[in-house]
Amino acid sequence: MRIAVVGAGPAGVRAVQTLVAAGHRPAWLDEAPDGGGRIYQRPPAALNRDAKMLYGFEAKRATALHDTLDAMKPRTDWRPDTFVWHIRPGVKRLQTLHRGVQAVVDYDAVLLCTGAMDRVVPVPGWTLPGVTTMGAAQIALKTQGCGIGSRVAFLGSGPLLWLVAYQYARAGADVVAVLDTTSFATKARAAFGLLRGGATFAKGLYYIGWLRAHGIRIDEGVTPVAIEGAGSGVTGLDWRDARGRAQRVDCDAVGIGWGLRPEAQLADLAGIPFRFDAIQHNWVPERDLAGRTSVEGHYLAGDGAGIGGAEVAELAGARAALALLQDAGAAVDAAEAARLDRALTAAGRFRVALERASPYPAHLAAGLPDDTILCRCEGLRVGELRAAAAEEYPAGRAPEMNRAKAFTRTGMGRCQGRVCGAAAAEILAAALGVPVDAIGRLRGQPPVKPIPIVAPPAEAVP
Amino acid sequence: MKLRRLRDAGRPRILLTLEGEALEAQAGDTLLTALLAGGAGHLRDSEFGDGPRAGFCLMGACQDCWVVVEGQGRVRACATLAEDGMRVKRG
């Protein structure tokens with residue numbers, strides 16, 4: 001039986017481990033050179049790889065995952081630095097690109113563990129050099145030993161806001177402000193549910209407490225106004241505090257982010273139906289608790305199938321591999337499957353509380369000024385999308401996202417709406433006066449990221 | 001935008017060029033790090049005239065850090081390791 005696993009983050013590693021233990025040798029493809037996913041991404045070999053320094057409280061977990069990753073490489077058809085740009089569920093084929101060379105991988109069953117990226121809300125000035133996602137700020141520090149600037153402000157909501165600010169301050173960066181768009185009251189209401197999270201909740205409190213104890217400026221319930229810039233860089237950040245007063249800080253870099261969104265393009269191309277998850281406020285591919293989908297032979301695990309975080313991804317990877325084995329007629333350890341199901345169910349309850357404590361600020365996106373750049377790829381502004389929702393729009397109003405894309409090019413650029421899609425949906429829905437789940441979602445298109453049009457097939461390379 | 005080297009900053013030096021100008025970086029830098037820690041300020045200009053860009057996601061998804069490397073063509077600066085002698089142009 002030919003099995004393929006896409007992704008070598010927490011979900012992919014545990015999935016492969018389970019498959020190998022059952023005697024299989026899956027094809028294992030990952031876009032990064034050395035696996036680990038984004039959360040446990042290792043720096044290039046020339047840099048210090050000390051786990052305690054890089055991963056903090058997560059050092060043991062990261063080291064365990066890396067050890068398994070390295071142990072599995074020789075026991076699989078390991079293909080690092082390999083980008084899966086298309087999946088064809090009818091013929092069960094992955095189309096890949098490795099250092100400029102195309103190839104195909106045929107499978108009987110595939111497990112997609114494609115991870116997540118930051119979910120953002122545009123802010124006037126957000127295309128200035130010096131503005132990055134929160135995840136980018138963390139990757140710069142973790143894998144390159146660099147801060148995104150010398151005086152750094154962080155703006156957003158959710159666990160990553162506090163974690164990255166803490167990591168920067170600990171590394172000696174000048175963190176000039178940590179601005180949470182979620183009000184204290186919203187977080188307090190979710191606090192009871194967060195207690196279920198035990199250690200995860202405790203770590204979050206620790207980061208916030210540490211930042212406060214070190215006199216770092218923290219403001220909650222803020223409304224972003226603009227990122228200021230001159231020439232090729234950021235010079236400051238303006239916001240309104242919870243009482244509506246104008247505030248400002250001088251800075252040369254800003255990290256922004258409001259939680260994560262699944263990188264689910266391959267699931268989309270595989271024909272797996274999606275649903276709008278109101279708690280996460282994300283479109284997610286449909287799967288059962290074990291990771292099965294309605295498309296035979298196609299399984300999902302990890303954040304690419306809905307945001308759950310790294311610990312959940314490890315459980316989900318192992319569980320989806322068991323489901324795959326079971327469906328293939330193998331005898332699987334029923335007690336282990338049941339244990340994973342219980343752990344996944346419990347983790348799901350904590351996730352609900354976490355999402356309630358840091359909801360996506362749809363109102364901030366819907367309320368953006370017309371002249372704010374919305375789509376970075378196409379240099380398209382908020383007002384251009386809003387105009388497509390008007391009755392008098394020349395082509396007729398756009399009632400859903402893909403029509404709006406065709407009319408305005410929103411999400412048609414080279415990132416395919418990964419960056420602007422979430423905010424664009426809020427803007428269009430608000431302009432149409434309908435709920436955001438009523439306007440659909442941007443469909444995925446191959447290649448899921450740009451590839452060179454000149455890439456030769458493998459047999460053409462001497 | 002100027003990246004600030006906070007730790008592990010004593011690695012062997014490598015030399016590359018940006019638009020023909022020499023630029024010093026360190027072994028293990030990505031092209032994005034090499035250029036933005038080395039004082040390039042930005043990586044590309046928006047095709048739509050709205051100003052300079054210097055990457056955004058650093059995980060190969062946003063495509064906003066494209067530069068051109070002689071002999072390789074267009075690459076994502078965040079996902080490409082800098083190498084001694086590389087000749088780079090803004091994207």
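Reply: Helices (H or I, at least four residues) and strands (E, at least two) are DSSP runs, numbered from the N terminus. The model is a predicted one, in which local features need pLDDT of at least 70 and side-chain atom pairs count only at pLDDT 80 or more, while totals for chains, interfaces and linings use all residues. Residues are numbered from 1 along each chain as its sequence is written, and chains are lettered from A, with ligands numbered from 1, in the order in which they are written.

Me: Which bond joins Pro446(A) and Pro447(A)?
Reply: A cis peptide bond links them, with omega about -10°. Pro447(A) belongs to the segment after helix H14 (421–432) of chain A.

Me: Why is H1(A) called oblique to H3(A)?
Reply: Two packed helices are described by the angle between their axes and the distance between the axes. Here the axes are lines fitted to C-alpha atoms over the stretch in contact, and angles run from 0 to 180 degrees between N-to-C directions. Helix H1 (residues 10–21) and helix H3 (residues 59–72), both of chain A, pack at about 50° with axes 10 Å apart. That angle makes H1(A) oblique to H3(A), since angles under 35 degrees count as roughly parallel, over 145 as roughly antiparallel, 65 to 115 as roughly perpendicular and the rest as oblique.

Me: Which residues meet in this packing, and how do they divide by class?
Reply: Contact requires C-beta atoms, placed from the backbone, within 7 Å. Pro10(A), Val13(A), Val16(A), Gln17(A) and Val20(A) of H1(A) meet Leu65(A), Thr68(A), Leu69(A) and Met72(A) of H3(A). They comprise seven nonpolar, two polar and no charged residues; Ala, Val, Leu, Ile, Met, Phe, Trp, Tyr, Cys and Pro count as nonpolar, Asp, Glu, Lys and Arg as charged, and the others, Gly among them, as polar.

Me: How many residues does each chain bring to the contact between chains A and B?
Reply: Chain B gives 37 residues and chain A gives 43. Strand E1 (4–5), helix H1 (31–37) and strand E5 (52–53) of chain B each supply at least two residues of the side touching chain A. That side of chain B has 16 nonpolar, eleven polar and ten charged residues.

Conventions
Two residues are in contact if their C-beta atoms, placed from the backbone, lie within 7 Å.
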